[in-house]
Amino acid sequence: MKKEIQAVFSFKIGIFTLLAIFCLSGIQVSAATSNKGADWMLDGSSYKASLTENKDKNEIVLSNGLISRRFRLAPNAATVGFDNLITGESVIRGVKPEAEVMIDGKVYPVGGLVGQPNYAFLTEAWIDELKANPSAMVFTGYETAAPKEHIQWDRVRYHQPDAAWPPKGVYLRMDYKMPTPAEQDKTIDTPDNSGLGRKQLLFDDFQAVSDVWKRHESKSHPRSSFENEGKLGEIYTPNNTCVFIERTIPATARAIETVINPGTDKSASWGPGLAMVTDTQTIKFNMRPGQPTASDKMEFGVWDGSSEHVELKVDKGPDPTKPWKLRMLIEDETVFCQAGQIGGRWKTCKKVQLKKPVTQPFKIRIGKLDKTGGANDHGDRGEIVRLQVMEFAAYGPIDKKQLAKATKTEATKKKTDDGGVTVSVHYELYDGVPVLSKWITVTNKTDKTVTVNKFKSEILAAVEYSSAVEEKSDDFPYPNVHVETEYAFGSMSVGGARKATVHWVKDPDYHTQVNYGKNNPCLLEVSPDVGPAQQIAAGETFESFRAFILPFDSYERERQGLSLRKMYRIVAPWITENPLMMHVRYADWKTVKNAIDQCAEVGFEMVILTFGSGFNIENDSDEYIAQMKKYADYAKSKGIEIGGYSLLASRRVGGGNDVVMPKGKRPKFGNSPCLESNWGRDYFRKLYEFYPKTGFKLLEHDGSYPGDVCTSTEHPGHKGYDDSQWNQWRKISDYYKFCRANGIYLNVPDFYYLAGANKCGMGYREVNWSLPRAQQVIHTRQNIFDGTWEKTPSMGWMFVPLTQYHGGGAAATIEPLKDHLDHYAKMIVSNLGGGVQACYRGPRLYDTDETKAVVKQWVDWYKAHREVLEGDIIHLRRADGKDLDYWLNVNPGGKEKGLLMVFNPLEQKVRKEITIPLYYTGLDDVAKIRREDGRSRKYKLSRDYSVTLDIEIEANAITWFVIE
């Protein structure tokens with residue numbers, strides 16, 4: 001009895017521990033992580049990544065104590081568990097393929113298991129019953145090692161002291177081979193060619209009238225017909241009326257196929273298609289071109305004899321005007337309704353069970369039928385439409401010998417003998433952080449070139465965030481998992497940049513979800529929107545981009561942001577480089593020399609020849625290169641790095657070198673050169689040559705490449721639309737990796753961190769720097785407060801316009817610096833007090849000894865507290881000009897655990913008590929706090945890890961508190 005009571009008590013305590021929330025002045029910390037020794041956010045050193053093997057279950061598990069991913073290895077390899085060990089929750093609710101590749105136009109799932117009866121959850125008993133998909137690539141083995149650096153990082157300047165590269169953790173590679181022809185024969189989705197391995201029983205291309213067909217033409221309109229203006233097969237009739245042809249076909253028919261151009265048809269249930277009519281059942285399969293759906297998809301519907309099934313979507317090809325092929329395949333007592341555009345792959349939209357096997361001849365109907373496959377017009381007939389039935393064919397059952405003879409050519413034998421095309425799926429799990437990265441490689445072991453048309457490198461049936469019953473899906477939040485890739489562009493924020501690859505979509509297998517329309521976007525697919533359409537020569541390997549997956553352990557904004565920021569510090573530690581930089585306004589020798597001298601005097605670390613300065617990195621003349629080398633040599637002699645600005649996108653270069661957008665589309669910035677044009681190739685040649693020749697150490701790369709596609713077939717670096725985005729991204733990312741390997745600092749106003757960039761804009765409106773000076777100070781602190789929810793202080797630059805910028809006149813300008821020294825100091829400390837570097841844009845940093853002293857004072861102060869200031873910002877009170885505003889920089893691993901910055905924007909002195917949460921400083925009992933350079937005072941932390949400070953601060957003043 002006593003043991004039973006203890007067990008119940010322990011269970012209740014565990015539940016309360018997991019559910020309890022500490023409210024830390026707006027910062028929530030779950031009790032599951034409130035034990036400081038266990039919270040990875042404060043000290044992740046005890047969470048080591050490893051791979052373990054369970055031979056009894058034929059499984060392997062990646063785990064670091066924070067998350068785990070479990071793989072069943074037979075009958076094929078698949079993720080059967082993905083758990084958040086911090087919260088005790090499952091990340092997934094079902095099994096999907098590990099990846100998917102389209103090679104030479106054919107789609108192959110990579111691994112995975114099928115047969116799960118309910119995608120709301122996954123039980124161990126179900127896992128044991130899952131089967132291999134015969135059309136999927138087959139697992140052959142795995143290897144494990146430590147992570148290796150995929151970007152070389154030359155650490156030539158100050159960075160986070162404990163940064164490790166490559167990240168510590170464990171690496172796993174899982175290998176897959178093509179399914180054998182015998183396995184592929186079992187799948188109903190192959191072959192693409194209906195006649196491959198089958199005898200053709202019937203065919204009609206409607207070039208001539210045949211009396212074997214019986215026509216039905218609606219009486220609703222005098223011109224309703226299956227033959228319009230002398231063109232047989234062209235249907236002309238109101239939208240929701242019936243015009244079709246019908247004939248009897250042999251009972252041995254097992255594949256019935258038609259090709260239809262939907263033309264101007266905008267119907268739904270009366271859309272064009274085909275139907276098979278037996279003595280017990282009518283099955284109809286039709287297009288629904290009038291239904292609103294994504295522009296790259298066509299919707300289909302199926303009548304199974306008793307009910308209609310809709311929202312069955314099939315991807316369109318590159319040319320949306322191509323006709324569609326529809327096919328019914330009969331296997332035993334199942335009819336597979338399949339569709340695809342001409343030249344594309346078949347996709348099974350619906351499987352329909354026959355009420356009894358087909359043993360007698362049956363009828364086939366093709367054209368516009370009613371909802372049930374009959375001949376009744378809708379009450380609302382709609383407008384006149386025009387469409388065309390182009391072909392019909394019927395085939396017998398597969399003859400295995402004939403199929404083998406047709407498919408096993410010498411090339412196919414070669415592929416089978418030497419392994420053919422193989423796919424490897426790669427994983428890295430890191431120490432101390434709940435982050436896993438994943439990517440794929442495709443290796444061509446054949447003797448000819450193959451093409452990777454498309455791929456999905458991650459497919460996860462994630463647990464949904466919410467379960468709204470209503471039909472609309474516009475307001476669905478995504479699952480509580482952060483996903484991003486290095487294939488990111490077109491945005492200064494991660495949310496915008498990841499849209500090119502991270503897709504939360506509806507799960508077609510999730511039939512038991514609460515949402516009535518089954519619209520919950522809880523299926524993760526990581527894939528490029530366009531292409532890549534990469535050709536792989538014999539013996540070569542294609543490598544995808546990397547995806548990074550971070551399951552959150554909280555729904556609270558600050559903790560989610562801290563999780564993300566810690567991920568960046570580990571997977572892209574170059575973002576912790578944070579040099580103090582001046583944007584010198586003019587590029588002549590006298591101005592640049594003076595800027596270098598001033599930077600050296602006050603402790604700045606980098607000079608940038610800014611936009612509009614006259615610097616031209618595209619000038620590759622020997623004289624100009626020599627001049628720039630002189631600049632770099634002098635800067636180096638003073639301990640200063642130098643770099644310059646270059647505009648990539650948002651300009652037109654002409655000569656057939658600009659991107660050619662699809663009809664109706666514009667480049668993101670209005671104009672842009674194609675990076676794989678002749679101009680683009682020459683531009684990057686100049687960049688690659690400039691830095692080794694001159695010794696420059698920074699590139700401020702404006703634009704950057706924003707993801708524009710290009711339909712040109714004349715540019716040397718891509719073949720057309722399908723490979724244009726991938727090739728341009730590879731061009732820019734390869735260059736950024738070159739920069740990282742050679743210690744060239746990268747200021748890039750786009751989200752290229754994971755590809756090697758150091759810094760992006762923090763997020764500000766440029767014209768705000770033409771506002772009156774006092775307003776600029778408030779905007780500065782607002783921009784830093786807002787930008788650091790997802791960025792570390794070192795990841796975003798700010799702006800300080802020493803000379804006029806975008807107008808504003810004298811009221812907006814700091815020059816003469818000595819006349820606005822108080823404002824200048826506020827702008828410096830507002831940035832440095834958050835660990836943030838600004839672009840100080842002007843001809844000089846100081847104009848008098850007094851100005852010099854002020855600048856040097858704050859630079860020295862920053863360097864004295866640099867480690868904690870470049871830690872994460874805890875967001876306390878955003879600047880609004882009505883009261884004190886303040887934030888807390890924290891560094892739980894340092895001597896200085898926190899630094900509180902307090903700003904008073906008011907015209908009068910303020911005295912008040914403020915409560916400061918210290919949980920993320922790592923302190924849990926007593927904090928030693930000193931104001932500025934005063935004496936420390938001990939504060940006992942309250943139960944929620946906070947302290948209360950009594951603060952008095954003068955009008956328009958700034959103060960700070962160091963916490964140890």
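**Close-up views of a predicted model**

**Figure 1. Packing of helices α8 and α9.** Helix α8 (residues 589–602) and helix α9 (residues 622–637) have axes that come within 10 Å and cross at roughly 20°. This is a predicted model, in which local features need pLDDT of at least 70 and side-chain atom pairs count only at pLDDT 80 or more, while totals for chains, interfaces and linings use all residues. Residues are numbered from 1 along each chain as its sequence is written, and side-chain values use heavy atoms, with hydrogens and water left out. Helices (H or I, at least four residues) and strands (E, at least two) are DSSP runs, numbered from the N terminus. Axes are lines fitted to C-alpha atoms, for helices over the stretch in contact, and angles run from 0 to 180 degrees between N-to-C directions. Angles under 35 degrees count as roughly parallel, over 145 as roughly antiparallel, 65 to 115 as roughly perpendicular and the rest as oblique; α8 and α9 are therefore roughly parallel to each other. Their crossing is right-handed (the near helix is turned clockwise from the far one by less than a right angle). On the α8 side the contact (heavy atoms within 4.5 Å) is made by Trp589, Val592, Lys593, Ile596 and Asp597, and on the α9 side by Lys630, Tyr631, Tyr634 and Ala635. These residues divide into 6 nonpolar, no polar and 3 charged, where Ala, Val, Leu, Ile, Met, Phe, Trp, Tyr, Cys and Pro count as nonpolar, Asp, Glu, Lys and Arg as charged, and the others, Gly among them, as polar.

Figure 2. Valine 602 is buried, with a relative accessible area of 1% (buried means under 20% relative accessible area, exposed over 50%, partly exposed in between, with a 1.4 Å probe and protein chains only). Leaving aside neighbours within four places in sequence, valine 602 is in contact with Leu845, Tyr846, Lys852, Val855, Lys856 and Val859. Aspartate 682 lies 80 residues from valine 602 in sequence and 39 Å from it in space, C-alpha to C-alpha.

**Figure 3. Packing of helices α12 and α13.** The axes of helix α12 (residues 773–787) and helix α13 (residues 821–832) come within 10 Å and cross at roughly 5°. The two helices are therefore roughly parallel to each other. Arg773, Gln776, Val777, Thr780, Arg781 and Ile784 of α12 meet His823, Lys826, Met827, Ser830 and Asn831 of α13. This contact divides into 3 nonpolar, 5 polar and 3 charged residues.

**Figure 4. Two buried residues, serine 563 and threonine 788.** Serine 563 is found in helix α7 (residues 557–571) and has a relative accessible area of 1%. Not counting residues up to four places away in sequence, serine 563 touches Trp40, Met41, Leu550 and Phe552. Threonine 788 lies in the loop between α12 and β46 (796–801), and its relative accessibility is 1%. With residues up to four places away in sequence not counted, threonine 788 touches Arg565, Met762, Pro793, Ile873 and His875.

**Figure 5. Strand β26 and its two hairpins.** In a regular strand the side chains alternate between the two faces of the sheet. Strand β26 (residues 334–341) is mostly covered, with 8 of its 8 residues buried. Thr334, Phe336, Gln338 and Gly340 point one way from β26, and Val335, Cys337, Ala339 and Gln341 the other way. Strand β25 (residues 324–331) pairs with β26 in the antiparallel sense over 8 bridges (two strands pair if DSSP finds at least two bridges between them), and isoleucine 330 stands opposite valine 335. The hairpin of β25 and β26 has 2 residues between the strands, and aspartate 332 in the turn has a positive phi of about 55°. Antiparallel to β26 runs strand β27 (residues 347–353), joined to it by 6 bridges, with valine 335 opposite valine 352. Here 5 residues separate the hairpin strands, and glycine 343 in the turn has a positive phi of about 90°.

**Figure 6. An open sheet of 7 strands.** The order is β16-β19-β28-β21-β22-β23-β24, with antiparallel pairing. At the edges are β16 (214–217) and β24 (308–315), each pairing on one side only. The twist averages 20° from one strand to the next. Strand β19 (residues 243–249) is joined to strand β28 (residues 362–368) by 7 bridges, and the bridge partner of phenylalanine 244 is glycine 367.
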